[in-house]
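Colleague: I'm new to this one. Could you put it up on the screen and walk me through it?

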Amino acid sequence: MTIPHKKLKSGFSLPVFGFGTWRFGGDFRRDLNNNDAEQIDALKTAINYGITHIDTAERYAAGFAEQLVSKAIFGFDRKKLFIVSKVWPTNFRYDDVLRSAHNSLKRLKVSYLDLYLLHKPDLSIPIRQTMKAMDKLKEDGLIKNIGVSNFSVNSFKSAQSLTRNKIVVNQVHYNLIFREPEKSGLLDYCRKNDVLLIAWRPVEKGILSVKGIKIIDEVCRKYNKTAAQIAINWLISQKNVVTLAKMVSQKHLHENLGALNWQMDNSDIEKLRRSFPGQKSVSAAVPLG
Ligand SMILES: NC(=O)c1ccc[n+]([C@@H]2O[C@H](COP(=O)([O-])OP(=O)(O)OC[C@H]3O[C@@H](n4cnc5c(N)ncnc54)[C@H](OP(=O)(O)O)[C@@H]3O)[C@@H](O)[C@H]2O)c1
């Protein structure tokens with residue numbers, strides 16, 4: 001299937017739905033009992049279904065997730081894929097950023113990243129040298145675009161003021177429950193400043209796939225969709241928002257792809273924004289820094 005893109009005025013464009021790899025190969029460390037083959041197969045299947053946006057990080061399974069991604073993408077046309085990785089804050093010094101990027105490329109067995117993100121803000125290392133290294137990577141052609149993750153409006157502005165390049169995305173925790181980007185003004189800021197917001201954890205690890213919440217059940221009935229499809233469609237129906245989920249199960253992959261290529265009415269988007277129960281204004285996982 002064709003996954004639609006969202007395009008910025010600057011020309012940068014990203015598929016509205018991608019594949020996440022947190023928990024590929026382990027958590028922050030490699031898990032030797034992990035079912036690697038199943039995860040590689042899941043990503044291959046997703047690519048065969050048309051997914052091109054693949055999100056990973058040096059931090060995932062201490063680099064091993066990137067190795068699993070390299071096995072999954074082997075044989076596919078690199079130019080058709082959009083590969084994203086992230087540098088962890090302990091590597092935000094100039095030389096460390098360069099080394100991290102090289103190591104990610106080596107593990108992924110690719111010659112460039114489509115997008116490289118600062119994983120989360122860190123005050124202990126001056127961001128000036130981090131952004132200088134990001135500029136160098138871009139100028140050397142090793143990364144095509146620069147982005148950030150879990151950055152507040154202020155951290156974003158500060159990073160943007162220290163690079164010659166446009167920061168094209170901010171990847172943050174955003175879904176029907178976690179509304180920090182709305183409450184903090186980050187979503188508005190992204191819209192006004194031509195930045196895409198990549199919403200991580202769209203189904204809140206499955207919590208948002210469960211029926212039994214009145215407002216969700218009503219919308220599911222109206223569109224003949226599942227709760228997870230409503231949760232994902234609600235995100236991508238919004239201006240400047242794209243998302244990505246991790247799906248090892250084929251059932252989840254098919255279900256989530258069914259969230260694309262249809263449009264929820266604005267009145268339902270707003271109703272869910274206003275009235276979805278149990279909203280939280282700050283992420284418990286990684287609050288914006
Ligand atoms: N920048 C950051 O700090 C940050 C933080 C967290 C995540 N991320 C990125 O965002 C991606 C997505 O977030 P996430 O993996 O934490 O959460 P998620 O995608 O909301 O949830 C993934 C979990 O939910 C299950 N799932 C997926 N679709 C489902 C469905 N339709 N119904 C029921 N369960 C479903 C998956 O199961 P199966 O795998 O068994 O199918 C998996 O256990 C990550 O993988 C990562 O790439 C970035």
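Colleague: Is the crossing of H3 and H4 left-handed or right-handed?

Modeller: This is a predicted model, where local features need pLDDT of at least 70, side-chain atom pairs count only at pLDDT 80 or more, and totals for chains, interfaces and linings use all residues. Residues are numbered from 1 along each chain as its sequence is written. A crossing is left-handed if the near helix is turned anticlockwise from the far one by less than a right angle, and right-handed if clockwise. For H3 and H4 the crossing is right-handed.

Colleague: At what angle do H3 and H4 pack?

Modeller: Helices (H or I, at least four residues) and strands (E, at least two) are DSSP runs, numbered from the N terminus. Axes are lines fitted to C-alpha atoms, for helices over the stretch in contact, and angles run from 0 to 180 degrees between N-to-C directions. Under 35 degrees counts as roughly parallel, over 145 as roughly antiparallel, 65 to 115 as roughly perpendicular and the rest as oblique, so H3 and H4 are oblique to each other. With axes 8 Å apart, H3 (residues 94-108) and H4 (residues 127-139) pack at an angle of about 40°.

Colleague: Which residues of H3 meet H4?

Modeller: Contact here has C-beta atoms, placed from the backbone, within 7 Å. On the H4 side, Gln129, Thr130, Lys132, Ala133, Met134, Lys136 and Leu137 take part. Their partners in H3 are Tyr94, Val97, Leu98 and Ala101.

Colleague: In what order do the eight strands close into a barrel?

Modeller: Strands pair if DSSP finds at least two bridges between them. S9 (residues 196-200) and S10 (residues 241-245) pair in the parallel sense over four bridges, while three bridges join S3 (residues 17-20) to S10, also parallel. The barrel's order is S3-S4-S5-S6-S7-S8-S9-S10.

Colleague: Which residue of S10 is the bridge partner of phenylalanine 19?

Modeller: S10 has bridges on both sides: tryptophan 200 has leucine 244 as its partner there. For phenylalanine 19, the partner in S10 is alanine 245.

Colleague: And which element gives the largest share of the shell around the ligand?

Modeller: A residue is near if its C-beta atom, placed from the backbone, lies within 6 Å. Of the 27 residues around the ligand, Gly20, Gly206, Ser209, Ala228 and Lys246 come nearest. S10 and helix H10 (250-257) each supply at least two residues of the shell. The largest share, three residues, comes from H10.

Conventions:
Two residues are in contact if their C-beta atoms, placed from the backbone, lie within 7 Å.
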